[in-house]
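Dear colleague,

Please find the structure below, for your records. My notes on its strands follow.

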Amino acid sequence: MKITRVEPIPILVPLKQGLTTKTAHGEHIDSPYVIVQVHTDEGLVGLGEATLAPRWSGETSAGCVAAIAALISPALEGSDPRDVTACRQRIDGVMRMNPFTKAAVEMAVWDLAGKAAGLPIYRLLGGKVRNELPIKMVVGAFDVPKAVSLAEQFLEWGVDHLKVKVGLDPATDIARVRAVREAAGKEITLGVDGNCGWDLPTAKWALRELEPFDLHFAEQLVGTADPDDLARLRAASPIPIMADESAFTANDAWHLTAARAVDVLAVYPGKNGGIAQTMAIDAIAQAAGIACCMGSNLELGIATAAMLHVGVAASSILATRYPGDYIGPLYHEADMITEPLDLGPRTAVPPAGPGLGVVLDEKQLAKWRAD
């Protein structure tokens with residue numbers, strides 16, 4: 001089997017009314033993503049999805065499309081998609097960085113490898129180490145009444161785990177967490193995510209103020225400019241510290257674990273630059289005795305399916321202690337696939353079909369494509 005071309009298709013999908021979200025990076029109202037189709041000479045097509053956000057990785061939809069058309073597609077033409085590692089080496093050989101763009105193409109290559117073998121991707125990754133994946137829903141950094149309303153909506157769905165966005169005004173952030181905890185009660189697990197919004201002194205102070213709310217984790221409260229800040233924060237924190245923006249690459253994970261800077265690494269294929277790199281971080285975390293948790297960039301159906309396959313196969317993901325963010329399709333007006341994923345409300349499971357186990361919905365694609 002040979003790859004004949006890689007086709008990038010830009011899309012723009014809005015979030016559902018009332019389910020937009022807000023973080024220290026800004027408000028997420030719609031998603032300018034890219035669907036990727038890797039075509040082969042045997043008629044099989046692999047699917048991928050680039051969940052692009054300039055404030056997150058610096059990538060744009062137009063840049064992703066251009067990079068795939070001008071660089072990645074020519075580099076992969078003639079390659080056998082079952083040779084996933086070799087394909088990834090060719091991708092890395094023509095461009096640096098751009099993790100979400102690379103992940104989308106690699107995701108489609110994995111999809112082809114699974115389809116060719118007649119196996120779901122999680123089998124290619126070594127099989128399942130768990131059957132289902134607990135989910136947590138995310139409450140944006142809105143004013144207290146709106147945050148409480150969102151939390152109550154999720155609890156009515158039957159959700160057991162919540163994450164509250166902080167990292168803006170500390171007093172308002174703490175009031176938001178307090179109100180969500182009061183609304184949720186003691187049985188619901190709760191964490192916070194600062195998205196790099198606070199400096200180190202503010203984060204240390206806020207953690208002391210947040211301690212009474214029985215938080216399961218505090219995610220990326222500080223920025224990435226000083227790699228030692230997370231270690232300093234962890235030394236002062238009664239709450240487990242999670243790295244997200246500080247843990248894009250396997251090299252990032254190695255440095256964080258070697259420095260004992262965090263308790264948990266947030267991983268997901270888009271941010272990590274592909275499924276293989278997420279599994280590499282899983283191996284580093286296992287060796288270091290540190291947990292992983294599946295994060296999210298509010299993916300649609302294709303990329304969420306990739307997350308689910310990794311989620312059941314990666315040994316270091318402590319899915320019960322740190323539920324994952326398998327939630328993107330729940331927030332969007334469309335998921336771009338013909339059959340919705342099994343996403344809870346309490347737990348998620350990966351599709352059982354070969355490859356990613358999902359089929360591109362051509363009607364949705366025609367409606368939401370942005371070219």
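Which residues of strand 14 (residues 264-267) are buried on one side, and which on the other? V264 and A266 are buried on one side and L265 and V267 on the other, which leaves both faces of the strand covered. Buried here means under 20% relative accessible area, with exposed over 50% and partly exposed in between (1.4 Å probe, protein chains only).

This is a predicted model, in which local features need pLDDT of at least 70 and side-chain atom pairs count only at pLDDT 80 or more, while totals for chains, interfaces and linings use all residues. Residues are numbered from 1 along each chain as its sequence is written, and side-chain values use heavy atoms, with hydrogens and water left out. Helices (H or I, at least four residues) and strands (E, at least two) are DSSP runs, numbered from the N terminus; two strands pair if DSSP finds at least two bridges between them.

Strand 14 has a parallel pairing with strand 13 (residues 241-243) over 2 bridges, where A243 stands opposite L265.

Elsewhere, 3 strands form an open antiparallel sheet in the order 8-17-16. Strand 8 (133-134) and strand 16 (342-343) are its edge strands, each pairing on one side only. Strand 8 is joined to strand 17 (residues 347-349) by 2 bridges, and L133 stands opposite A348.

Yours sincerely
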